[in-house]
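This report describes a structure at the level of strands, domains and chain contacts. The sequence and the model are shown first.

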Amino acid sequence: MSATIPLKELKPLILSVYRFDPNKDKKAYMQDIEIEVPDNKDLMVLDVLHLAKEKETSLSFRRSCAEGVCGSDGMNINGKNGLACTTPLSEAVKRNKLVLRPMPGLPVIRDLIVDMKQFFNQFEKVKPYLITKDDAPELERKQSPAEREKLDGLYECILCGCCSTACPSFWWNPDKFLGPAALLYSLRFIVDSRDQATEERLDDLDDAFSLYRCHGIMNCVSVCPKGLNPAEAISNIRKKLTNRNR
Amino acid sequence: MKGIFGSGTRDFLIIRISSLILLGYFLFLIAYITMNSPLTFSLWNALFENILMKVFTSLFLFSFCVHTWIGTWAIGSDYLTPDRLGSLGNPIYKIYRSLCAGIIGTILLWSLIIIW
């Protein structure tokens, strides 16, 4: 990329990136990589990572669609979780320095790549699929536009993990508290008119940790790259549980 | 774990209801002190001699203790875990809970003796 841009339009940028290779490093460290970025164009953080990889070929990170759909490149960008592919440098860089770390709270496999097993274990617990008891209809399970509208703000989650790994309650109890992403998905199926396991789903959440360990810290809301509101979803599940118990 | 009082929802509701009782008690006291300024010992004594005030204060004390019991449990189960403290996690948690139970129980008993 740098070869196609005139030199006078380039500016230096320090990329401070978390490095850890379990095969050769005893402990993690931060490596400063000096790169040049276009002065007249706002790159995304993912572009910067590709530029850095030209210099440090061993630098590892996940990516796939590069347009905020697959959720592969969630990472901690200057202290705040986000997607590298949709975060512009102009928003992220402070004092000409970009600091990239893996998403917090999950074990690091290598560099910016984390082990998402714990995250998906919790996701699996909410049974993220339609549960029906009636026989399958001939064609499809129909839904009115109003019923479909209830899923807005819930179905858009791409499971990048930015919210759950920004949540201190998830750091403290990653095996007991389901985390904002899983709970958002849980509500997505609780409010789905086609689902027939609402009571069972609510029963599963009515313990001390799964749902109620949310302390309303709201990090999930401030970091969600899709602009979703997991805290509101959690609050709505609480309302459903509370109304049910009256 | 199903919660201190049988379910997460029940714990959640008890926390909210008890906090409303605590708020109501404090607002009442602030209003009473403001409306009876300057407050004298005899006025204060008469207030707490009233049977309704004794019942309200007892309700406040029970709410305070239940609220604190659930709250301290939540804090302990966030921070004092084997994940964070290794093999010392469980013993430290048990000591912490015993201390909480002792302090909360003493406050409740002592306060009720004073009030009644």
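Strand E1 (residues 10–19) of chain A and strand E2 (residues 29–38) of chain A run antiparallel and are joined by 10 bridges. The model is a predicted one. One of the residue pairs in this pairing is Arg19(A) with Tyr29(A), the latter being the bridge partner in E2(A).

E1(A) also pairs with strand E5 (residues 97–101) of chain A, here in the parallel sense and over four bridges. Leu15(A) has Leu98(A) as its bridge partner in E5(A). The two pairings of E1(A) are set out below.

| Strand pair | Sense | Bridges | A bridge pair |
|---|---|---|---|
| E1(A) and E2(A) | antiparallel | 10 | Arg19(A) and Tyr29(A) |
| E1(A) and E5(A) | parallel | four | Leu15(A) and Leu98(A) |

In total, chain A holds nine helices and seven strands. Its C-alpha atoms fill a box of roughly 65 × 40 × 30 Å along the principal axes. Chain A has 246 residues, of which 37% count as buried. Among the contacts in chain A with a separation of 6 or more, 67% are between residues 24 or more positions apart.

How is chain A divided by the domain assignment? The assignment gives domain 1 (2–114) and domain 2 (117–245). The centres of domain 1 of chain A and domain 2 of chain A, taken over C-alpha atoms, are separated by 31 Å. Where these domains touch, domain 1 of chain A contributes 14 residues and domain 2 of chain A contributes 14 residues. On the domain 1 side, the largest share comes from strand E4 (residues 80–83) of chain A, with four residues. By class, that side of domain 1 of chain A has six nonpolar, seven polar and one charged residues.

The contact between the chains takes 12 residues from chain A and 10 residues from chain B. Which element of chain A supplies the largest share of the side that touches chain B? Helix H9 (residues 230–245) of chain A does, with four residues. The side of chain A that touches chain B is made up of six nonpolar, three polar and three charged residues. The counts given here are of residues in contact; in general, the size of an interface is often given instead as the accessible area lost when the parts come together.

Technical notes: Residues are numbered from 1 along each chain as its sequence is written. Chains are lettered from A and ligands numbered from 1 in the order in which they are written. This is a predicted model: local features need pLDDT of at least 70, side-chain atom pairs count only at pLDDT 80 or more; totals for chains, interfaces and linings use all residues. A residue is buried if 20 or more other C-beta atoms lie within 10 Å of its own, exposed if 12 or fewer, and partly exposed in between; C-beta atoms are placed from the backbone. Two residues are in contact if their C-beta atoms, placed from the backbone, lie within 7 Å. Ala, Val, Leu, Ile, Met, Phe, Trp, Tyr, Cys and Pro count as nonpolar, Asp, Glu, Lys and Arg as charged, and the others, Gly among them, as polar. Two strands pair if DSSP finds at least two bridges between them. Domain bounds come from an automatic or database domain assignment.
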